[in-house]
Amino acid sequence: MAVAGGRILAIVDRETAPLFMGVGASVVEVAGSEEVLDAIRRSVVENGVRIVLVLKHLVGDEESLRREADRLGVTLLIIPSMGEKAEPIDVKKLIARALGFG
């Protein structure tokens with residue numbers, strides 16, 4: 001698992017890691033869904049991460065991942081993988097949640 005520095009944590013695959021690094025995000029490169037939860041836990045404990053982006057194809061059990069993110073106090077954004085159609089995002093709701101109001 002490769003990790004690079006920045007302010008936003010993105011949990012991504014090998015193909016998209018350079019794109020997120022290029023915009024200054026902290027990147028955790030994982031090979032599959034079984035590594036995602038561990039990467040979130042470590043990043044919260046070691047780096048105090050509060051917002052995490054995860055590529056959709058790397059999410060195995062979305063419900064349990066969201067429960068754990070809530071327990072850790074992390075705002076979790078599951079973003080479309082390359083080639084997937086994006087769904088609308090309620091930015092106001094995400095900001096409120098990141099600030100602890102949702």
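At a relative accessibility of 46%, Asp 90 counts as partly exposed (between the limits for buried, under 20% relative accessible area, and exposed, over 50%, with a 1.4 Å probe and protein chains only). The model is predicted, with local features needing pLDDT of at least 70 and side-chain atom pairs counting only at pLDDT 80 or more, whereas totals for chains, interfaces and linings use all residues. Residues are numbered from 1 along each chain as its sequence is written, and side-chain values use heavy atoms, with hydrogens and water left out.

Asp 90 is placed in the loop between S5 and H4; helices (H or I, at least four residues) and strands (E, at least two) are DSSP runs numbered from the N terminus. At the start of helix H4 (residues 91-98), a side-chain oxygen of Asp 90 comes within 3.4 Å of the backbone nitrogen of Lys 92. Beyond H4 comes Gly 100, with a positive phi near 90°. The C-alpha atoms of Asp 90 and Ala 17 are 25 Å apart, with 73 residues of separation in sequence.

Strand pairing was assigned where DSSP finds at least two bridges between two strands. Strand S2 (residues 9-12) runs parallel to S3 through 4 bridges, and Val 12 has Glu 29 as its bridge partner in S3. S2 is also parallel to S4, with 3 bridges, among them that of Leu 9 with Val 52. S4 in turn is joined to S5 by 5 bridges, again in parallel, and Ile 51 is partnered by Thr 75 in S5.

In a regular strand, side chains alternate between the two faces of the sheet. Both faces of S3 (residues 26-29) are covered, with Ser 26 and Val 28 buried on one side and Val 27 and Glu 29 buried on the other. Strand S4 (residues 51-55) is largely enclosed by the rest of the structure, because 4 of its 5 residues are buried.

The lining of the largest pocket comprises 18 residues, of which Arg 66, Ile 78, Glu 87, Pro 88 and Ile 89 lie nearest its centre. A pocket is an open set of points on a 1 Å grid over the protein atoms alone, where a 1.4 Å probe fits, with protein on both sides within 12 Å along at least five of seven lines; lining residues have an atom within 4 Å of a point. S5 supplies the largest share of this lining, 4 residues.

Key:
Polar contact = N/O pair within 3.5 Å; in protein donor to acceptor, adjacent residues only side chain to side chain.
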